[in-house]
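Let's take a walk through this model, one stop at a time. Have the structure open as you read.

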Amino acid sequence: LIVALLVPLGVLLYLINQTSIAQGSNYNRLVLQELAIDFFMTHPLFGTGVGTFINNASQVSYYMVEFGGVIDSHSMFFKVLSETGVIGIVTFYTFIIGLVIYILKALSQARHTHYAQLLATLTASTTAVFVFENFGTSYYQSQMWLPIGLLLVAVGLANRELARKVL
């Protein structure tokens, strides 16, 4: 049954991807990634500065002629790489990995408490937002960091209750 449902979905996605709008959008994203890599190669250590991607891409005449105005990079990785360089990308993803380890540890410790379902739900929603933002452009805004903050508050509450039970 699942395969029978996935086949029409796959055909539909293939047909949508063959439209000129989808192909133009995909080409735009590839060009933006190439621009981000070019900006990174120009300033590999510290990048071009936070918030400079749109302005820098707007200065590339062939992009402006082909696509018009720049909205954003459409990729968290490439934008952070071009704007903050090696130092920034390593710092950013080290921070994210640290958050993931902290949250996974809290999930395993809260497994048999009334916080388990809350933490699992918040982890799933935060993961969904983070995955979406990897292909989006709002990672400097609250729609990414609010769910992370709520999850961290819930982890703190769960840890506090577990500490009380141990004592």
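## Two helices side by side

The axes of helix α2 (residues 20-42) and helix α5 (residues 76-109) come within 8 Å of each other and cross at roughly 5°. That makes α2 roughly parallel to α5 (angles under 35 degrees count as roughly parallel). Axes here are lines fitted to C-alpha atoms over the stretch in contact, with angles running from 0 to 180 degrees between N-to-C directions. Helices are DSSP runs (H or I, at least four residues), numbered from the N terminus.

On the α2 side, Gln33, Ala36, Ile37, Phe39 and Phe40 meet Phe78, Leu81, Ser82, Gly85 and Val86 of α5; contact means heavy atoms within 4.5 Å. Sorted by type, the residues of this contact are seven nonpolar, three polar and no charged, with Gly counted among the polar ones.

## How to read the model

This is a predicted model, where local features need pLDDT of at least 70 and side-chain atom pairs count only at pLDDT 80 or more, while totals for chains, interfaces and linings use all residues. Residues are numbered from 1 along each chain as its sequence is written, and side-chain values use heavy atoms, leaving out hydrogens and water.

The structure holds one salt bridge (a side-chain nitrogen of Lys or Arg within 4 Å of a carboxyl oxygen of Asp or Glu). Glu83 pairs with Lys79, and their closest N and O atoms are 4.0 Å apart. The two sit four residues apart in helix α5, so about one helical turn separates them.

Glu83 counts as buried at 1% relative accessibility, and Lys79 is buried too, at 6%; buried means under 20% relative accessible area, using a 1.4 Å probe and protein chains only.

Technical notes:
Parallel < 35°, antiparallel > 145°, perpendicular 65-115°, else oblique. Buried < 20%, exposed > 50% of the residue type's maximum accessible area, 1.4 Å probe, protein only.
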